[in-house]
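This report walks through a single protein chain for a reader who is new to structural models. Please keep the sequence and the structure in view while reading.

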Amino acid sequence: MGIKITNNLKRPEPRALASAIEALAARFGNRLITSQAVREQHAHTTTWLESQPPDAVVMAQETSDIQDVVRICAKYSVPVIAFGTGTSLEGQVNAPAGGVCIDLRDMNKVLEVHAEDLDCVIQPGVTRKALNEHLRDQGVFFPIDPGADASLGGMASTRASGTNAVRYGTMRDNVLALKVVRGDGEIITTGTRAKKSSAGYDLTHLFIGAEGTLGIISELTIKLRGIPETIAAAACSFESVRGACQATILAIQTGIPVARIELLNAEQVRACNSYSKLSLPETPLLLLEFHGSENEVSEQSRNFSEIAKECGGGDFTWTTRPEDRTKLWQARHDAYWAVKALRPGAGVVATDVCVPISRLADCVTETEADLKRLNLRSPIVGHVGDGNFHCSLLCDVEDSDEMARGEEFMHRLVERAQSMGGTCTGEHGIGQGKQKYLKTELGCEAIDAMRAIKQALDPQNIFNPGKIIPAA
């Protein structure tokens, strides 16, 4: 299964590739793997894009391993693709020109924790769940939660956000500094532990969201937050998607500091009920979470309840019991698998857009109308507190007519978001799948500037080629 992404990339010369793999084998021994099964595991396999495996995989354990891989591959002009946990959704870990994948899962150490300064230093293979488990006894946590147990290096590379972004921001807002291996194998240090700086170009944010196309992150310094005294989860059903969106807009505009506010349309609620064994009313639903003192959480919940009633919301139920909160949010995080279970054997085309919050209701309702017109099935979930929502389009990839309608739907979805002052992707990134929308969104001049940066930092085009920047 998979849609083929065309490109004009050339594979390395066979002799050069063989020489690179021979040199890597001498350096890494059995940590260099060339078996078909392992190579396929390190290509993109979770969505509709064709899987394109690398020629070899190196299991890195420390920064010097990354440096040596890059130096060897640069010598022979062989592509290098960084791999965290493989949860990206736009083909970011594919190897369209072959090359060597650096698996960073074993670089999973928490190097320093400065609880008093609310920051820590980690290796890129640390996952968000492992980090928060490590921090839990120190009264702090890392808030960015994209749903999957992704690696922090991968989350920085794709500028991930997720359910907590409405209060805590995205990875862009929570990384203080990086160490990055550049094209000659040397290390760039982009910042310090200081909470702010005006020293030189903002290199940290240049690499966040670069999807491994400018260098490979080998260390991160990230912000932490204090664990709230009280956390309450809430659920509120609505008569319509528009009503749920309007309640979200009013809550944000009136300054209610919600930590999470997630929309599930009626079809997504049905899918979650079936998959997660819930009994939620099968109408549009908002899932919320409030953080703060007991009095603050109580006030936030009460204020939102009043807004919800004005917008057609039904019973507003909230709980501070950890087991109840976990059950609700696990159902939300399992939304992809719940959708997949609706139509066994079908492919799931996961896509996202983001619009200014004032246009959110229009964008979601027009999207639902488009699905009905095209006779397509796609539950919708969204981090609606910041105008970002996701469609999980179910398609039979062997049915050319259905896929054509699916392609039309996705194209119209992006056009709609861009026409409303929004973006083709709020958090999935560009990868391979959304390159064609960059010109419309940013213009030729911006793309030329990206090409110039890429050429300056990666003149051989070995870092994750074929991603983000459209072919000239």
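## A cysteine inside a strand

Cysteine 236 is found in strand S12, which covers residues 230-238; helices (H or I, at least four residues) and strands (E, at least two) are DSSP runs that are numbered from the N terminus. Cysteine 236 counts as buried because its relative accessibility is 0%, where buried means under 20% relative accessible area, exposed means over 50%, and partly exposed lies in between, with a 1.4 Å probe and protein chains only. From cysteine 236 to glycine 433 there are 197 residues in sequence, and the C-alpha atoms of the two are 34 Å apart in space.

## How the model should be read

This is a predicted model, in which local features need pLDDT of at least 70 and side-chain atom pairs count only at pLDDT 80 or more, while totals for chains, interfaces and linings use all residues. Residues are numbered from 1 along each chain as its sequence is written, and side-chain values use heavy atoms, with hydrogens and water left out.

## The chain as a whole

The secondary structure of the chain comes to 17 helices and 18 strands. The chain has a radius of gyration of 22 Å, close to the 23 Å that the globule rule gives for 472 residues, so it is as compact as a globular protein of that length; this radius is taken over C-alpha atoms, and the rule is 2.2 Å times the number of residues to the power 0.38.

Taken along the principal axes, the box that the C-alpha atoms fill is roughly 70 × 60 × 40 Å. Of the 472 residues of the chain, 57% count as buried.

## Two residues with positive phi

Most residues other than glycine have a negative phi. Lysine 277, however, has a phi near 55°, a positive value, and its place is in the loop between helix H10 (266-276) and strand S14 (285-292). Lysine 277 counts as exposed because its relative accessibility is 65%.

Asparagine 464 also has a positive phi, near 45°, and lies in the segment after helix H17 (444-457). Is asparagine 464 buried or exposed? With a relative accessibility of 3%, asparagine 464 counts as buried.

## A glutamate in a helix

Glutamate 296 is found in helix H11, which covers residues 294-310. Because its relative accessibility is 41%, glutamate 296 counts as partly exposed.
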